[in-house]
Amino acid sequence: MKALLVNPPHTFAPENPLGNAGLALPPLGLLSVAAYLRREMPGARVKVLDCPGEGLGPAAFEREVAAFAPDLAGVSVHTGTFSAAAAAAAAIKKISPGCFTVAGGHHASARPAQCLGAFDGAVVGEGEETFAKLAKRLAAGRELAGLPGLALKPGAAVERPAPLDPDSLPFPARDLVDLSLYRPSLFGYRRRPVTSMVTSRGCPYTCGFCSKSVFGAAYRAQSPERVLAEMTELAERYGVREISFQDDTFTADRGRIVRLCALLKKKGLDLTWSCMTRVDLVDPELLRAMRAAGCFSVAFGVDGAGDASCGLMGKGFDAARAKAAVAAARAAGLETRAYYIFGYPGETRATLAAAPARMAEVDADHVFIAFAHPFFDTPLYSEARARGLLAVSDEELLDARDNAAPLVNVPGMTLKQQAGFAKRAYLRYYLRPASLARRLASPRALAESARALLYFLRWY
Ligand code: B12
Ligand code: SF4
């Protein structure tokens, strides 16, 4: 069995917003599926092609497919990469007509029927177990129908397999990619080599823009011991010096993080790290423990600039909570990043105009602004569609990757005017005396800001 796992060739938007500047992270989903398959089917040959990460365009991708000649090819499909994924599946079929093609990931889980137009099958939900069973059945020439998690016919119900125990998963097969190609976005790391980890799945919160068809609402996390073991492997086998945790809500289980911090201090690995979480999942004591265990930066999904916008997005906290979290993180000696979303249904010229002032009240060291992106499986999409606010067709959403481009109309203004609000918000934010003073106080912050300015000017 030769199994190929693919992140399809596509380009990130040429006008990448400041928030994504320089960003490229390893495809941990594909690497986890690959590691699981190697464990369950030791005879299988597994190859991973992360085309955006490796800079492979369609022609180079086709050469790689022809050289490997896979029996089974799995392709990651996000909503905005659907068109690219469908083209990759067609290219695989052209080169290896006998190869079974299967879609996996967020769009495959949200809209499996649509994927079946381009692929032989679609894996719904987390992919490790279903993909490994699929490979085994194909190798043995067994019937595929009825395999939990595998969609074969549009419209037919797909039984989901039981959620996997996070501690039972092998470490992602990082040996299958060149880790030196990847790094978090500007302001997101301090030391290299740097790489990412994800230590939990699922989220019980109900933010209206969030696409959750893969892992669902039940939170499952690896034990602190399992997390430490993977960090140790990264430090000792790969020489990694910094880890960017990409968990949606890293601190959702407070006890887990307190124990992890204690284990890290005891182990004494030469590692710094950063994470993302919600503003209502931190407190001063926890933040101090994180700082003492090597954390240098926390990113908060504040999302709504001001109470009104937080309410529209269903964040479940108010701006005062965001302000308190940022202040507590700063007091603990941590750098802070705040993510915001502009242009949510219900926003008005007034909420957008007030956004910079609301963001300044929260006062994170760095801010990143994206526009509301309506994924099909979200309340945001349903609401924007129902209120006639979608500025693009469903088809265009299958190729939409530029989160600096508004996709939802705010009444009374053009999309260009909406984009202008974000650009001015960045300027007003970073030109505040408090923000300038913080930058001038640190040579590292000053150097990073100079790089950021170059990205910004190119975008602006
Ligand atoms: C880190 C991250 C990135 C990184 C790395 C991406 C990558 N290739 O993995 C970077 C920054 C590059 C990135 C980019 C983008 N991302 Co991103 N990203 C994430 C984040 C925070 C974690 C991903 C992760 O590693 N998860 C852990 C692994 C284990 O899970 P996983 O990747 O989902 O994989 C599992 C399943 O999905 C499935 N699976 C995935 N692929 C395949 C393939 C096969 C064949 C099979 C069988 C199964 C399978 O099995 C895996 C194991 O269970 C998620 C949020 C989240 N919680 O998932 C968003 C998220 C996945 N990203 C998202 C988006 C939209 C994007 C972009 C399109 C954004 C853009 N504007 O360009 C790009 C395109 C990605 C690409 N294909 O290149 C959305 C997807 C929503 C959707 N419906 O499409 C998410 C869910 C964020 C959100 N809630 O909005 N992203
Ligand atoms: S945005 Fe974060 S906190 Fe909100 S539902 Fe999604 S993963 Fe959960």
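This is a predicted model: local features need pLDDT of at least 70, side-chain atom pairs count only at pLDDT 80 or more; totals for chains, interfaces and linings use all residues.
Student: Where is Asp318, and what makes it partly exposed?

Tutor: Asp318 is in the loop between helix 11 and helix 12. It has 16 other C-beta atoms within 10 Å. Buried takes 20 or more and exposed takes 12 or fewer, so with its 16 Asp318 is partly exposed. As for distance, 42 Å separates its C-alpha atom from that of Asp178, 140 residues away along the chain.

Student: What makes the phi of Ala69 and that of Asp303 worth a look?

Tutor: Most residues other than glycine have a negative phi. Ala69 has a positive phi of about 50° although it is not a glycine, and Asp303 is a non-glycine residue with a positive phi near 70°. Ala69 is in the loop between helix 3 (58–68) and strand 3 (72–76), while Asp303 lies in strand 12.

Student: How do you know that the peptide bond from Arg192 to Pro193 is cis?

Tutor: Its omega is near -5°. Most peptide bonds are trans. Pro193 is found in the loop between strand 6 (150–151) and strand 7.

Student: Why are strand 7 and strand 14 called edge strands?

Tutor: Start with the order, 7-10-11-12-13-14, in an open sheet of six strands with parallel pairing. Strand 7 (194–197) and strand 14 (366–371) each have a single partner strand, so one side of each has no neighbour in the sheet. From one strand to the next, the twist averages 20°.

Student: How do you know that strand 10 and strand 11 pair?

Tutor: Pairing takes at least two bridges. Strand 10 (residues 242–245) and strand 11 (residues 272–277) are joined by three and run parallel, so they pair. Glu242, for one, has Thr272 of strand 11 as its bridge partner.

Student: What about strand 1 and strand 2?

Tutor: Six bridges link strand 1 (residues 2–7) to strand 2 in the parallel sense, and the bridge partner of Leu5 in strand 2 is Val48. They belong to an open sheet of six strands in the order 2-1-3-4-5-6, where the pairing is mixed. Strand 2 (45–50) and strand 6 are the edges here, since each pairs on one side only. Helix 1 (residues 28–40) lies across strand 1, strand 2 and strand 3, at about 175° to strand 2.

Student: How do you know that helix 12 has close to the expected span?

Tutor: Helix 12 (residues 319–331) has 13 residues and reaches 18 Å from its first C-alpha to its last; the expected value at 1.5 Å a residue is 18 Å. Its buried residues are Ala319, Ala322, Ala325, Val326, Ala328 and Ala329. They pack against helix 10 (284–292), strand 12, helix 11 (307–313), strand 13 and helix 13. Helix 13 (residues 349–362) in turn lies across strand 12 (295–303), strand 13 (335–342) and strand 14, at about 165° to strand 13.

Student: What makes up the shell around ligand 2?

Tutor: The residues are Cys203, Tyr205, Cys207, Cys210, Asp248, Thr249, Arg278 and Gly301. By class that is four nonpolar, two polar and two charged.

Methods
Residues are numbered from 1 along each chain as its sequence is written. Chains are lettered from A and ligands numbered from 1 in the order in which they are written. A residue is near a molecule or strand if its C-beta atom, placed from the backbone, lies within 6 Å of it. Ala, Val, Leu, Ile, Met, Phe, Trp, Tyr, Cys and Pro count as nonpolar, Asp, Glu, Lys and Arg as charged, and the others, Gly among them, as polar. Helices (H or I, at least four residues) and strands (E, at least two) are DSSP runs, numbered from the N terminus. Axes are lines fitted to C-alpha atoms, for helices over the stretch in contact, and angles run from 0 to 180 degrees between N-to-C directions. Two residues are in contact if their C-beta atoms, placed from the backbone, lie within 7 Å. The expected span of a helix is 1.5 Å times one less than its number of residues.
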